[in-house]
Amino acid sequence: MTDAPQLKLFNSLNRQLEPFVPVHEGEARVYTCGPTVYNYPHIGNMRAYVFADVLGRTLSWRGYKLTHIINITDVGHLTDDADAGEDKLEKMAAKQKQSIWDIAEHYTKAFKDDISALNIRQPAQWSVATDYIAEMIDFAKKIEPKHCYQLDSGLYFDVSTVEDYGRLARAVTEEGEGRIDTVEGKRNAADFAIWRTTPAGETRQMEWDSPWGRGAPGWHLECSVMGGKLLGFPFDIHTGGIDHREIHHPNEIAQNQAYCGCGGLDDAAHSGAKIWMHNNFLVVRSGKMSKSSGEFLRLQLLIDKGYSPVAYRMMCLQAHYRSELEFSWEGLGAALTRLKRMVMAVEQLKNRHAELVSASRSSTPASSEQPEPFVQEAGWTLKQVQGDDWGKLAPAIEKFQAALADDLNTSIALTALEEALTIKKVDPAQKLRAVSAMDAVLGLGLLDLARTDLRIRPKDAVITEAEIEDALERRKAARVEKDFATSDAIRDELAAKGVDVMDGDPLGWEWKLA
Ligand SMILES: Nc1ncnc2c1ncn2[C@@H]1O[C@H](COP(=O)(O)OP(=O)(O)OP(=O)(O)O)[C@@H](O)[C@H]1O
Ligand SMILES: [Zn+2]
């Protein structure tokens with residue numbers, strides 16, 4: 001068995017593939033920008049976390065001890081990423097006439113529900129921004145003398161005080177390209193508030209005392225502080241959606257440079273993280289799916305329409321994380337069918353293996369050699385896969401390893417997994433181990449899913465699943481009795497309630513809701 005090729009990841013800082021060489025031997029420390037919890041996450045947001053999850057699973061599979069942090073932004077993210085507008089949470093709280101804390105709690109729970117439904121592993125820690133206010137003030141105090149200046153509206157970061165500002169975004173910093181210069185007195189258009197002072201005569205629901213007056217931290221400051229505090233500068237990888245490459249992460253990097261010693265960005269000791277990775281957008285026909293535009297699809301809608309959430313995970317894995325992915329219901333249906341085929345193949349393997357075990361139990365004395373029971377183990381070890389049939393499985397496994405090592409090419413990794421499933425004359429237990437090991441990286445949960453879990457069953461269907469199964473049982477009995485009139489009547493009855501009976505369906509479905 002050849003070792004897996006070196007893991008290479010695309011670093012947005014220099015727009016190149018780079019070998020992953022950990023800062024701390026044997027460890028991988030990853031920070032992922034979390035959601036701003038002022039609204040439900042949409043499936044575009046969740047693409048960012050499926051990507052970060054595959055990255056984390058890949059690092060675990062490669063044997064690194066992973067520390068993954070995802071934050072929860074419950075303060076500081078303004079309606080405009082640059083520096084203008086209102087705090088997203090304050091605005092929603094006012095609209096819904098609720099406390100910010102209740103808004104944050106409600107939408108954090110909704111986010112975590114989606115995380116579980118998509119088989120995204122829990123990070124080592126969910127860091128909540130408002131738990132780190134004291135650390136944010138300390139950080140700002142440290143960089144203030146050389147890098148900040150105060151205006152009535154808050155403490156501002158002067159981007160001209162650090163080398164290479166905006167390189168991540170490839171922005172023209174002089175002009176502050178794409179920025180909105182709305183604040184009187186800013187030295188450079190791209191300067192941003194790291195502390196926003198509450199205007200005189202106003203109160204905010206979330207505000208704290210600081211050397212710059214009562215107010216709240218800036219969004220960019222939060223991530224610099226939590227990343228540095230929880231992972232230590234420099235850490236290995238920082239991730240987020242591609243929109244973060246334009247403003248949020250350049251600003252985080254500038255703060256990190258100020259904090260860590262101001263050198264240029266070719267040295268991770270200054271930018272805070274060695275590799276900055278960004279997933280591309282999930283788009284719909286009208287453009288990027290976005291919370292702020294008000295029109296978006298929640299994972300719950302997909303579930304209510306009857307789709308397993310894992311079909312959406314499959315849809316994400318089918319595309320490379322750096323490519324745009326267009327959502328369509330047809331695409332989701334195709335991803336579901338692909339998932340169903342894999343689950344059916346795994347079910348067959350499990351059955352064949354169970355048959356072998358029971359046949360050998362009945363034909364050999366208990367003490368003699370019997371087929372090993374298959375035990376699903378967490379994580380990937382090649383030892384689990386090696387055995388007599390290793391040679392037959394090796395090409396698929398090597399392809400799988402190479403695909404993931406090549407900047408997480410999940411789309412090819414999926415085809416390698418399908419190839420492994422179709423290889424003939426392999427001991428089923430050994431094949432199950434290979435599939436389980438591959439799935440530990442892709443996170444589809446193939447060994448836990450049953451074909452019936454993937455049946456499309458919309459929430460608003462007028463008939464329950466138990467009623468359908470019961471009618472089908474009665475129909476089966478009628479057919480055994482050659483009572484075709486009853487069988488047809490039951491079929492028509494089901495059709496009237498929107499159920500198509502699917503005799504002889506190649507995927508083994510007995511029915512579907514029309
Ligand atoms: N359409 C999308 N496709 C993929 N990732 C996205 C998309 N929209 C946002 N993201 C990413 O989702 C993560 C969470 O974003 P966040 O909760 O801050 O969204 P937001 O900026 O409030 O919402 P929106 O951008 O939808 O208005 C970020 O990493 C962001 O880059
Ligand atoms: Zn962030």
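User: Which residues is leucine 339 in contact with, leaving aside its neighbours within four places in sequence?

Analyst: Val310, Ala311, Met314, Leu444, Leu446, Leu449 and Leu454. Contact means heavy atoms within 4.5 Å. This is a predicted model, where local features need pLDDT of at least 70, side-chain atom pairs count only at pLDDT 80 or more, and totals for chains, interfaces and linings use all residues; side-chain values use heavy atoms, with hydrogens and water left out. Residues are numbered from 1 along each chain as its sequence is written, while chains are lettered from A and ligands numbered from 1 in the order in which they are written.

User: How many residues are in the largest nonpolar core?

Analyst: 113 residues, and leucine 339 is among those with the most contacts inside that core, together with Ile43, Phe157, Ile194, Tyr312, Leu444 and Leu446. A second, separate core has 14 residues, including Leu9, Phe20, Ala28 and Leu55. A nonpolar core here is a set of buried Ala, Val, Leu, Ile, Met, Phe, Trp, Tyr and Cys residues joined through side-chain atoms within 4.5 Å. Buried means under 20% relative accessible area, exposed over 50%, and partly exposed in between, with a 1.4 Å probe and protein chains only.

User: Phe157 sits in a strand, I think. What does phenylalanine 157 pair with in β8?

Analyst: Its bridge partner there is phenylalanine 192. β7 and β8 (residues 192-197) are antiparallel, with 4 bridges. β7 (residues 154-157) also runs antiparallel to β6 (residues 148-151), again with 4 bridges. A hairpin of 2 residues connects β6 to β7, and leucine 151 faces glycine 154 across that pair. Strands (E, at least two residues) and helices (H or I, at least four) are DSSP runs numbered from the N terminus, and two strands pair if DSSP finds at least two bridges between them.

User: New topic. What coordinates the zinc ion (ligand 2)?

Analyst: Cys33 (SG), Cys223 (SG) and His248 (NE2), at 2.1 to 2.2 Å. Donors are N, O and S atoms within 2.8 Å of the metal (3.2 Å for Na, K and Ca), and water is not among the atoms, so sites may look incomplete.

User: Where are cysteine 223 and histidine 248 in the chain?

Analyst: Cysteine 223 is in helix α5 (residues 219-231) and histidine 248 in helix α6 (residues 248-260), 25 residues apart. The spacing of the donor residues in sequence is C-x189-C-x24-H.

User: Are those two buried or exposed?

Analyst: Both cysteine 223 and histidine 248 are buried. Cysteine 33 counts as buried too, because its relative accessibility is 5%.

User: How many disulfides are there?

Analyst: The count is 0. A disulfide here is a pair of cysteine sulfur atoms within 2.5 Å.

User: Which residue does the UniProt "binding site" annotation cover?

Analyst: Lys291, according to an unreviewed UniProt entry. UniProt positions are given in the numbering used here, feature names are shortened, and annotations may be inferred rather than shown by experiment. Lysine 291 lies in the loop between β13 and α8 (299-304).

User: Is lysine 291 buried or exposed, and what does it touch?

Analyst: Lysine 291 counts as buried because its relative accessibility is 10%. Not counting residues up to four places away in sequence, lysine 291 touches Thr36, Tyr38, Asn39, Tyr40, His42, Asn45 and Phe296.
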